[in-house]
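Student: I would like to work through this entry feature by feature. Please give me the general idea each time, then the case at hand.

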Protein chains: 2
Amino acid sequence: MNTEALAPGSFIGIIGGGQLGRMLAMAAARLGYRTIILEPDSNAPAAQVANTQIVADYDDPAALQQLADLCDVVTYEFENVPVKAVQWLESRLPVRPGSKALEVAQDRLMEKAMARELGAETALFSAVARRPDLDAAIRTTGLPAVLKTTRLGYDGKGQAKLVRPEDADTAYAAMQGKMAILESFVHFECEVSVIAARGLSGEVRAFEVSENVHRNHILHTSTVPSGLGPEAQSKALEIASAIAAHLDYVGVFAVEFFAVRDGDQHRLLVNEIAPRVHNSGHWTEAACAISQFEQHIRAISGLPLGNTERHSDCVMENLIGSEADKVADLAAEPNAVVHLYGKAEARPGRKMGHITRISARSQLP
Amino acid sequence: MNTEALAPGSFIGIIGGGQLGRMLAMAAARLGYRTIILEPDSNAPAAQVANTQIVADYDDPAALQQLADLCDVVTYEFENVPVKAVQWLESRLPVRPGSKALEVAQDRLMEKAMARELGAETALFSAVARRPDLDAAIRTTGLPAVLKTTRLGYDGKGQAKLVRPEDADTAYAAMQGKMAILESFVHFECEVSVIAARGLSGEVRAFEVSENVHRNHILHTSTVPSGLGPEAQSKALEIASAIAAHLDYVGVFAVEFFAVRDGDQHRLLVNEIAPRVHNSGHWTEAACAISQFEQHIRAISGLPLGNTERHSDCVMENLIGSEADKVADLAAEPNAVVHLYGKAEARPGRKMGHITRISARSQLP
């Protein structure tokens, strides 16, 4: 046995109790590990399938001490975990991925700057700390452009679009005084993402790139195979590998790209980096022998990374709000894998589950 | 939405806390259901991934009352649950499958008699209540034959082989005065099983037959596709359907057969019926979109049964005792799905997990 790997029965701590934590906890169980969830919501999706839940805030000192005492390794399922909490844990036990990835992912400016440093393309961007910065930023990015808070935005929250210079005041006001970044609007042909993992040994493996469609700023579908050619696929993996090595990353992460048509090829612009399993990788559960969730658990446990090949083509579709109520209809579809998250209340816009429709594997383009 | 189906968030009670309960609990979670395990062992594999465990004996009246109060439907993961406990629960809420299947499966004589009544072949058999019955039974079955207690035997326990008439005394003594059945020894070419499900609507769907190899009376491997031709496959499904209809069964069950060579065909003799998900169906988790565990949850929840097609060929191998310690080596295999059960102690002969090696789907023979 690989002496670096966690022994069966070891405890994995997961900070965050949402659906990603839930699917990680089940993947950990399948590999014989036990899980402890740190999450203030006592009816959290992840807690329903974990060994234990510590019901406390993510930065509660006593809770962090308990997590450190009970666990062999800690991970997190969302990128807005307080960096200080992770740093405190890191001084006591392995946290994978660590606080460095979290810091970068929490700040859109750092994220984009890192991508550029590593030789990847991004949209044009400029920092906006005060109102006059915005006029200068517009000269850098041109219009249309999107103004975003640098921190804590997701699913379209904390964003404002600028089409004409006159939109600047309203957009700036929408940031509510928070540090922001102006990004040029990218005329992309499609959005794609790569879900990759870096193991303890430094090895990187990626699942095939998926093509993602958003509705109301929320992921609607991920389709595999995507419309990308092999060169763009290789480029996506190359960028992901550079990011992972730079961050000394251990675990699964996602890189979201805008794919811009360039003759008969695509250029890829890094849009976002997520230091965690990702909604656009849920298809791996239905179309691959090893899912992104198991891949993450393998990486952080020191097990060898799994094969990322897929046995089927697929389209994953998110079930939002009341869409999950029609579970019996969805389950009646002959080639669909339905997955619900155990959330009590189906609020509008809330991710309640997903369905992956699979079909026989086609050739790569 | 199908009004018969349990709503997401409903509670499913599972009697028994072993690995089958564990895999059922995870399948239930993926469909948005919550689970409550009734199991006296507080460190049970199923409890690690369930919402709640009631730590009590299977026939504890207060525990059964609690289960009835909390659950929307109850199922069981092994066939030695006390029939009276299930009957008591049945008077209060749906129990699927019910006590009738349990009664038959707990008694080898009833099981074999039912198979014969339904037109299926079995080995020759005869009841042995007292020592003189054994001599008469030998005249019915011929020798060699196998003497088995009618109840509570599994994995080769409570069995004795008779090769010559002189073996009768020793074999009879091994039954320790328990009611027994003598079965003629079948010269089979292979052992196969079918995992089928019957839904609330009465619809029956079966996974493809697997070919099973035992070692020391414990399942070693299940291989799909098996060596059976299409006629024998159809026959297996026909027998399974007849059994399910006869028992008014709801849920997944297994029928194990001896396959005897008959020219270029196989004759199938019913060996055992298991009123539950079955070790020889673990391969479905890796090679089908819908596993036997999800199929069982769908059936007992009133959801439509899932597609039983497989996307891959496969060989499932049990990991017994210390075999599960080499998890890092197993996880390094490129096309293997590893599944461990979270058992603390790797005793010899104990099922600790399984590994399913998948490969591209071949044509049926």
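This is a predicted model: local features need pLDDT of at least 70, side-chain atom pairs count only at pLDDT 80 or more; totals for chains, interfaces and linings use all residues.

Student: Is the peptide bond from L143(A) to P144(A) cis or trans?

Tutor: The general idea comes first: most peptide bonds are trans. The bond from L143(A) to P144(A) is cis, and its omega is near 0°.

Student: And the peptide bond from L143(B) to P144(B), is that cis or trans?

Tutor: That bond is cis as well, with omega near 0°. In chain B, P144(B) is in the loop between α6 (131-141) and β7 (145-149).

Student: Where does Q176(A) lie, and is Q176(A) buried or exposed?

Tutor: Q176(A) belongs to the loop of chain A between α7 (168-174) and β9 (180-184). To count as exposed, a residue needs a relative accessible area over 50%. Q176(A) has 65%, so it is exposed.

Student: Which features does D248(B) show?

Tutor: D248(B) also has a positive phi of about 50° without being a glycine. Its place is the loop between α8 (230-246) and β14 (251-262) of chain B. With a relative accessibility of 57%, D248(B) is exposed.

Student: How many residues of chain A are in contact with chain B?

Tutor: 41 residues of chain A are in contact with 41 residues of chain B. Both copies use the same surface, as 100% of the contact residues of chain A recur in chain B.

Student: How do I read the area and the polar pairs there?

Tutor: The two chains bury about 3300 Å² between them, of which 58% is on carbon and sulfur atoms. Between chain A and chain B there are zero salt bridges, and eleven residue pairs are in polar contact, both residues being at pLDDT 80 or more. On the side of chain A that touches chain B, α1 (19-30), α11 (327-332) and β17 (336-340) each supply at least two residues. By class, that side of chain A has 23 nonpolar, eleven polar and seven charged residues.

Student: One last residue. Where is S226(A) found, and is S226(A) buried or exposed?

Tutor: S226(A) is in the loop between β13 (218-224) and α8 (230-246) of chain A. Here the cut-off for buried is under 20% relative accessible area. S226(A) has 7%, so it counts as buried.

Student: Which backbone atom lies 3.2 Å from a polar atom of the S226(A) side chain, and how many residues separate S226(A) from S210(A) in sequence?

Tutor: The atom is the backbone nitrogen of L228(A). S226(A) and S210(A) are 16 residues apart in sequence, while their C-alpha atoms are 5.2 Å apart in space.

Terms used: Residues are numbered from 1 along each chain as its sequence is written. Chains are lettered from A and ligands numbered from 1 in the order in which they are written. Side-chain values use heavy atoms; hydrogens and water are left out. Contact means heavy atoms within 4.5 Å. Helices (H or I, at least four residues) and strands (E, at least two) are DSSP runs, numbered from the N terminus. Buried means under 20% relative accessible area, exposed over 50%, partly exposed in between (1.4 Å probe, protein chains only). Buried area is the accessible area (1.4 Å probe) that two parts lose on being put together, summed over both. A salt bridge is a side-chain nitrogen of Lys or Arg within 4 Å of a carboxyl oxygen of Asp or Glu. A polar contact is a pair of N or O atoms within 3.5 Å; within protein, one must be able to donate a hydrogen and the other to accept it, and residues adjacent in sequence count only if both atoms are side-chain atoms. Ala, Val, Leu, Ile, Met, Phe, Trp, Tyr, Cys and Pro count as nonpolar, Asp, Glu, Lys and Arg as charged, and the others, Gly among them, as polar.
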